[in-house]
Amino acid sequence: MAAPALRKKKQPSESNASSAALRSTDANCVVSTGTHIEGDFRSEENIRLDGSVKGTVHCSKRLVVGEKGAIEGEIKAGTAVISGRITGNLTVDGALQLTSTARIEGDIQAKLMSVEEGATYNGACRIGE
C-alpha cells in the first residue's frame with residue numbers, strides 16, 4: 001500500500017497577513033469610501049476607515065485605515081493598522097502596523113510597531129513603554 005502524499009502547508013506571506021487584517025469584519029463602525037467627516041470623531045468600538053476625516057479621531061479599540069482612507073488631525077487608538085494617509089500625530093496604546101501603502105506626516109508614539117517595506121513616515125517616532 002502506498003504512503004499518503006504529504007502536502008505542504010502554504011505559509012501566509014506578509015502582504016497576505018496584512019490584507020487579512022484589513023479585511024477584518026469585526027469593525028463596529030465603518031466609514032466608507034466617498035464619506036468625508038469634519039470634526040472630532042470618537043468610538044469606543046473598532047473602526048474601519050476608507051473615507052476621510054478632518055479632525056481628531058479617538059478609537060478605544062482597533063482602528064484600521066484602508067488604502068483610500070485619510071485622516072488629517074490627531075489620532076489616538078488602542079491598536080491600529082494603517083494603509084492610508086495620515087497627516088497629524090498618531091498615538092497608539094498597543095501595537096501599530098504600517099502596511100506598504102501607509103503614508104504618515106507626523107509624530108508616532110506606540111508600544112509596539114511593525115513597518116512593511118514601502119511604508120513612509122516623516123516625524124519623530126517613539127516606540128516602547
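**Exercise 1.** Which residue meets Arg48 in a salt bridge, and what is the N to O distance?

*Solution.* The model is predicted. In it, the side chain of Arg48 pairs with that of Asp50, at 3.0 Å from N to O. A salt bridge requires a side-chain nitrogen of Lys or Arg within 4 Å of a carboxyl oxygen of Asp or Glu, so the contact qualifies.

**Exercise 2.** Determine the salt-bridge partner of Lys61 and locate both residues in the chain.

*Solution.* The partner of Lys61 is Glu45, with 3.1 Å between the closest N and O atoms. Lys61 belongs to strand E6 (residues 57-65), whereas Glu45 sits in the loop between strand E3 (41-43) and strand E4 (47-49). The two residues are 16 residues apart, and the pair links distant parts of the chain. Turning to accessibility, Lys61 has a relative accessible area of 41% and is therefore partly exposed. Glu45, at 32%, is likewise classed as partly exposed.

**Exercise 3.** Identify the strands joined by the salt bridge between Asp93 and Lys76, and classify the exposure of each residue.

*Solution.* The closest N and O atoms of Asp93 and Lys76 are 2.6 Å apart.

**Exercise 4.** State how many salt bridges the structure holds.

*Solution.* The structure holds four salt bridges, among them Arg48 with Asp50.

How values were computed. Residues numbered from 1 in each chain as written. Predicted model: local features only at pLDDT ≥ 70, side-chain atom pairs only at ≥ 80, totals over all residues. Heavy atoms only, no water. Helix = DSSP H or I, 4+ residues; strand = E, 2+ residues; numbered from the N terminus. Buried < 20%, exposed > 50% of the residue type's maximum accessible area, 1.4 Å probe, protein only.
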